[in-house]
Amino acid sequence: MNTECLLNIKIVLVRTFHPGNIGSAARAMKTMGLSELVLVQPLDYPSEQAETMAAGAVDTLTNAKVVGSVLEAVGDCTVVAACSARAREYELPPLAPGDCARRLVAAASRGPVALMFGPERHGLSNEDLQHATHRVLIDANSEYSSLNLAAAVQILSHELRQAARSEVAVAAECAAVKELPTAESLDHYFERLNQVFGATGFVNKAHPGELQKRLRHLYARAEIDQQELNILQGMLGSVDRILRDKQRE
Ligand code: SAH
């Protein structure tokens, strides 16, 4: 069983409200052999209630990394799967838990990847989803499809374990995995894109984030690789150089 790759899979809990859910999520992870827990702005942590619910997984809980933003949590990751029951205006490529797990395990053999879960009340915001490359949907009762946070973590953790177990399938996918850009390098690209096309006047001043939002989804759907991002960076650089030359004239 390829347990090594499980260490490269981060479980990211975003703005969790109930500390008990953080503890239960840590337990769900440890039972399936996962250990990398990252907490983005937890409301109440560290907490006794979290420790109680973690039971024998207090080590996973105390080793959790606490960070201030989603980008800080997933910046070094190439595949960022976001668990969300809700469809959005701009749809990310949706995956079933098993497919998502195989994708994550395959990419995890090369470097860090992340699986992200939202807060209990409202789930992940569109801003949180900016850095996601895939959406994961757990098929459930259409009249009530919102699982408890830790239950969702348990289902995906189990799928990750099954994926890591079926080495043949994963090895086949590994061979097909392209070199993917990290969330951080994509973020730098979009910052530069906004700057350059802000200067040409193409970015709508009234809605400066709109172009970026749409293109992020386009690139996520296309699953662009590092080489393709290099080409886009190069194209952007050439426009930038012309603009600078013009400014000097
Ligand atoms: N009320 C929220 C759901 C919060 S449940 C909403 O409408 O989005 C807490 C988290 O568990 C969610 O953010 C999501 O990450 C995960 N989750 C719960 N049910 C899910 C489902 N059916 N599919 C995928 N993720 C789910």
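This is a predicted model: local features need pLDDT of at least 70, side-chain atom pairs count only at pLDDT 80 or more; totals for chains, interfaces and linings use all residues.

Biologist: What makes Asp 76 and Lys 10 a salt bridge?

Modeller: The N to O distance between their side chains is 2.8 Å. The cut-off is within 4 Å, so the pair qualifies. Asp 76 sits in the loop between helix 4 (70-74) and strand 4 (80-83) and Lys 10 in strand 1 (residues 9-14), so the contact ties together parts 66 residues apart in sequence.

Biologist: Why is Lys 10 called buried?

Modeller: Its relative accessibility is 13%. Buried means under 20%, so Lys 10 counts as buried. Asp 76 has a relative accessible area of 37% and is partly exposed.

Biologist: How do you know that Arg 103 and Glu 223 meet in a salt bridge?

Modeller: Their side chains are 2.8 Å apart, N to O, and the limit is 4 Å. The pair links distant parts of the chain: Arg 103 is in helix 5 (residues 97-108), and Glu 223 is in the loop between helix 10 (210-222) and helix 11 (226-248), 120 residues apart.

Biologist: Why is Arg 248 called exposed, and Asp 245 partly exposed?

Modeller: Arg 248 has a relative accessible area of 65%, and exposed means over 50%. Asp 245 is at 40%, which falls between the cut-offs of 20% and 50%, so the label is partly exposed. These two residues also form a salt bridge, with the closest N and O atoms 3.1 Å apart. They are three residues apart in helix 11, so about one helical turn separates them.

Terms used. Residues are numbered from 1 along each chain as its sequence is written. Side-chain values use heavy atoms; hydrogens and water are left out. Helices (H or I, at least four residues) and strands (E, at least two) are DSSP runs, numbered from the N terminus. Buried means under 20% relative accessible area, exposed over 50%, partly exposed in between (1.4 Å probe, protein chains only).
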